[in-house]
Amino acid sequence: MNSPGRRRITVVLLDKSQSRELLSLGATIASLLQVEIEAVFVEDDALYRLTGLPFLRELRVDSRNEARLDPARLTQEWRAIAKQARKALEDSAKRAGLSWSFRVWRGEYDSDLKQLASDSELLLMGSQGIHAARRFSIHSRQTTPVSQPLKLGVILDTGISRQKLLKTITELLQKPEIRLILFLFPDEDPSWEQALQSYLTEHDPDNHITVVPLTDSKPATLATQLKRAACDLLMISEHSSLLQGPTIRRLLEGLPYPTVLVRQ
């Protein structure tokens, strides 16, 4: 567990293609919030078990040949990717002056993801759908003017999720590198609308926050609504009602951005 007063963001790495972008983005958020950064490379146990199926084949991009999935080769490839990811994390953390750690974890991505970093305040995951990644560099943010702030979308829904989520975005609002978009679902509680208006009046007197109403929580429809806002990163509470139905993987497949889970 984290020591009292220590805070951490965990970056979840699933493959090589997004590792460097996610780690750089994680370092940016960690630097803005002054928290530690941890990277966890996931060896998906479900994928590993598939290698035992005799009828399953993979198409090798380099040779264009089909071959049976080899458990030993898969493990070897995972270790090579993890080694590269660790080096990328070290480079990003050192440039940002952050404390960092790295580990490899094997488990069921769908069912165990929220347990792999139970003591972290934030959990950063890459989009699993079609996503044109924007490259982030904490180094360039420190040494050159930022021409385009980080556009952070936040899904703010009902219940206990609000308290921690609002605390986190209030911290980020103090940073000129952040522009905030609040995605809101209709709420039958009139006191919540009043509380939100009071919050915006206090923390955003110059109206820099954009408020976007959401009309449907189904993954496909939700993804369409979120794409229109063209954010760089989506933030959501782990207690959000959106995470209670579909698995995390299914939700991420529909979302167009990397996602940060804010945890209690």
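Biologist: In which loop does Ala230 have its place?

Modeller: In this predicted model, local features need pLDDT of at least 70 and side-chain atom pairs count only at pLDDT 80 or more, while totals for chains, interfaces and linings use all residues. Residues are numbered from 1 along each chain as its sequence is written, and side-chain values use heavy atoms, leaving out hydrogens and water. Helices (H or I, at least four residues) and strands (E, at least two) are DSSP runs numbered from the N terminus. On that basis, Ala230 belongs to the loop between helix 8 (219–229) and strand 10.

Biologist: What is the phi of Ala230?

Modeller: Most residues other than glycine have a negative phi. Ala230 is not a glycine, yet its phi is positive, at about 50 degrees.

Biologist: Is Asn207 buried or exposed?

Modeller: Asn207 is in the loop between helix 7 (190–203) and strand 9, and has a positive phi of about 60 degrees although it is not a glycine. Buried means under 20% relative accessible area, exposed over 50%, and partly exposed in between (1.4 Å probe, protein chains only). Because its relative accessibility is 64%, Asn207 counts as exposed.

Biologist: Which strands stand at the edges of the sheet?

Modeller: Strands pair if DSSP finds at least two bridges between them. The open sheet has nine strands in the order 5-2-1-6-11-10-7-8-9, with mixed pairing. Two strands have a single partner each, so one side of each is left without a neighbour in the sheet: strand 5 (100–107) and strand 9 (210–213).

Biologist: Which residue is the bridge partner of Leu234 in strand 11?

Modeller: Strand 10 (residues 233–237) pairs with strand 11 (residues 259–262) in the parallel sense, over four bridges. The partner of Leu234 in strand 11 is Thr259.

Biologist: What angle does the direction of helix 3 make with that of strand 5?

Modeller: Helix 3 (residues 71–96) packs on the sheet, in contact (heavy atoms within 4.5 Å) with strand 1 (8–13), strand 2 (36–44) and strand 5. Axes are lines fitted to C-alpha atoms, for helices over the stretch in contact, and angles run from 0 to 180 degrees between N-to-C directions. The angle to strand 5 is about 155 degrees.
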